[in-house]
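Subject: Structure handover and notes on helix packing and aromatic pairs

Dear colleague,

I am handing over the structure we spoke of, and I would be grateful if you could read the notes below with the coordinates open beside them.

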Amino acid sequence: MKSVVERILSAAESRPEKIACVFPNESELTYAELAAGISACVGTFTELGRDRGFRVLLAAGKTREFLFAYFGAHLAGAVAVPLDPACNAERLSAVAASVDARCRVGAFVHGEAIGG
């Protein structure tokens, strides 16, 4: 059985211009765009951790970047840990410590910025 990410990549090969996702602001994302974003994130996550199962803390916004990072983390062998981007700094630090997050991705309102 294929994983969701494998199905997305297959759809990108067979139907690249088909719409994969429509966001709340009504912008659209094709399978080709989704696959390209996922692939870019896989490279970044692979550089961060060669060991499988490392944790990536993700701001759970309804954006294309969240989808790229979420599926990219899975494809890189990481564990995606979605978190409310509006959480306070204490909650962010507590969750990051409890899951031993290797990196944080997203626009956290009260926490540290995107990246490392």
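This is a predicted model: local features need pLDDT of at least 70, side-chain atom pairs count only at pLDDT 80 or more; totals for chains, interfaces and linings use all residues.

Of the 116 residues in the protein chain, 37% are buried.

Turning to the helices, two packed helices are described by the angle between their axes and the distance between the axes. For helix α1 (residues 4–14) and helix α2 (residues 31–48), the axes come within 8 Å and cross at roughly 125°, which makes α1 oblique to α2. The crossing of this pair, α1 and α2, is left-handed. On the α1 side the contact is formed by Val5, Ile8, Leu9, Ala11 and Ala12, and on the α2 side by Tyr31, Ala32, Leu34, Ala35 and Ile38. Sorted by class, the contact of α1 with α2 comprises 10 nonpolar residues, with no polar and no charged ones.

Helix α2 also packs against α3, at an angle of about 55° and with the axes 7 Å apart, and α2 and α3 are therefore oblique to each other. Here α2 passes α3 in a right-handed crossing. The residues that make this contact are Glu33, Leu34, Gly37, Ile38, Cys41, Val42 and Phe45 from α2, together with Arg64, Leu67, Phe68, Ala69, Phe71, Gly72, Ala73 and Leu75 from α3. By class, the contact of α2 with α3 has 11 nonpolar residues, two polar and two charged. Leu34 and Ile38 of α2 are listed in the contact with α1 and are listed again in the contact with α3.

The aromatic rings come next. Counting rings as a pair if their centres lie within 6.5 Å, there are two aromatic pairs. The ring centres of Phe66 and Tyr70 are 5.8 Å apart and their planes stand at 25°, so this pair is stacked, given that planes under 30 degrees apart count as such. Both Phe66 and Tyr70 belong to helix α3 (residues 64–75), where they are four residues apart, about one turn of the helix. Phe66 is buried, at a relative accessible area of 16%, whereas Tyr70 is partly exposed, at 27%. For Tyr70 and Phe71 the ring centres are 5.3 Å apart and the planes stand at 80°, so this pair is edge-to-face. Phe71 has a relative accessibility of 14% and counts as buried, and Phe71 is also among the α3 residues in contact with α2. Taken together, the ring pairs link Phe66, Tyr70 and Phe71 into a cluster.

Thr30 is found in strand β2 (residues 28–30), and, with a relative accessibility of 10%, Thr30 counts as buried. Once its neighbours within four places in sequence are set aside, Thr30 is in contact with Pro16, Glu17, Lys18, Ile19 and Ala20.

With kind regards

How values were computed:
Residues are numbered from 1 along each chain as its sequence is written. Side-chain values use heavy atoms; hydrogens and water are left out. Rings of Phe, Tyr and Trp (its six-membered ring) pair if their centres lie within 6.5 Å; planes under 30 degrees apart count as stacked, over 60 as edge-to-face and the rest as tilted. Helices (H or I, at least four residues) and strands (E, at least two) are DSSP runs, numbered from the N terminus. Buried means under 20% relative accessible area, exposed over 50%, partly exposed in between (1.4 Å probe, protein chains only). Axes are lines fitted to C-alpha atoms, for helices over the stretch in contact, and angles run from 0 to 180 degrees between N-to-C directions. Angles under 35 degrees count as roughly parallel, over 145 as roughly antiparallel, 65 to 115 as roughly perpendicular and the rest as oblique. A crossing is left-handed if the near helix is turned anticlockwise from the far one by less than a right angle, and right-handed if clockwise. Contact means heavy atoms within 4.5 Å. Ala, Val, Leu, Ile, Met, Phe, Trp, Tyr, Cys and Pro count as nonpolar, Asp, Glu, Lys and Arg as charged, and the others, Gly among them, as polar.
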